[in-house]
Amino acid sequence: MKNIVYIEDDEIIGSWLKEELEDNGYHVSWYLSDEGSEAGMKNADLVILDVMLPGLDGFTLGQRFKNNYNDVPIIMLTARTALDDKVQGLTFADDYLTKPFHPKELMARMEVLLRRYNRQEEDRRTVGHLDVYTKQQRIICGSNGEEIILTGKQHQLFFFFTRHFNQTLTKEQIFESIWKDPYIEGDKTLTVHIRHLREKIEEDPSKPKIIETIRGIGYRMKA
């Protein structure tokens, strides 16, 4: 059963749609405003968000959700039809539906998004505070939802480690796989690149938890 966070201040519309969704097998957590909705986000599979809300408006709340839960799709609901409103909503929302709407149309759009994000979930691996999508070759910081952009060699190094989770890799193995040249003892090239990589992916690069140094041997990525 998919968990839906639904935020709508109109009690007539809210109770009607909640009942429709639950009759079709969804579990719905309905909120009249942003108050309390953060707790529901922890287990949310999808968010249905009205634009006009008391307190924080839907645009502000939706952007906050996307920053903190980038792997949860958002559908915006609004009575507004202005192009600017749609453009603003789609800067963070995955879909946009104008009131009035038929629940079957909404549920069809929900299923499209749930399938799309489920495919991403199958590819996702949590590494410390990072969400790593190995097929897409993307790294998302779990604390702020921002993508971490690496240079060419940093990228190659990181995803080489992801192919060898929890394995101790020698400096020779890593260097020769990435640089395609024989490793020369004392060469600092690998060490420098690992340091720069840690500066981007570790919460505290001075105390690395994702890429560990195995003294006298090489490195290991914990997962």
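Lys-180 counts as exposed, because its relative accessibility is 65% (exposed means over 50% relative accessible area, buried under 20%, and partly exposed in between, with a 1.4 Å probe and protein chains only). This is a predicted model, in which local features need pLDDT of at least 70 and side-chain atom pairs count only at pLDDT 80 or more, while totals for chains, interfaces and linings use all residues. Residues are numbered from 1 along each chain as its sequence is written, and side-chain values use heavy atoms, with hydrogens and water left out.

Lys-180 lies in the loop between α7 and α8 (helices are DSSP runs of H or I with at least four residues, strands are runs of E with at least two, and both are numbered from the N terminus). Although Lys-180 is not a glycine, its phi is positive, at about 60 degrees. Asn-166, in the loop between α6 and β9 (169-170), also has a positive phi, near 65 degrees, and with a relative accessible area of 42% Asn-166 is partly exposed. Most residues other than glycine have a negative phi, and most peptide bonds are trans. A cis peptide bond, with omega about -5 degrees, joins Lys-99 and Pro-100, and Pro-100 is placed in the loop between β5 (95-98) and α5 (103-123).

Helix α6 (residues 152-162) packs against helix α8 (residues 189-201) at an angle of about 80 degrees, with the axes 10 Å apart; axes are lines fitted to C-alpha atoms, for helices over the stretch in contact, and angles run from 0 to 180 degrees between N-to-C directions. That angle makes α6 roughly perpendicular to α8 (65 to 115 degrees counts as roughly perpendicular, under 35 as roughly parallel, over 145 as roughly antiparallel and the rest as oblique). Gln-154 is buried, at 6% relative accessibility, and touches His-196, Leu-197 and Lys-200, not counting residues up to four places away in sequence.

The axes of α6 and helix α7 (residues 171-179) come within 10 Å and cross at roughly 130 degrees, which makes α6 oblique to α7. This contact includes Lys-153, Leu-157 and Phe-161 of α6 and Ile-174, Ile-178 and Trp-179 of α7.

Helix α3 (residues 58-68) has as its buried residues Gly-58, Phe-59, Leu-61, Gly-62, Phe-65 and Lys-66. Seen down the axis of α3, these fall within an arc of 165 degrees, so they line one face of the helix; the arc is that of the directions from the helix axis to the C-beta atoms.

Key:
Contact = heavy atoms within 4.5 Å.
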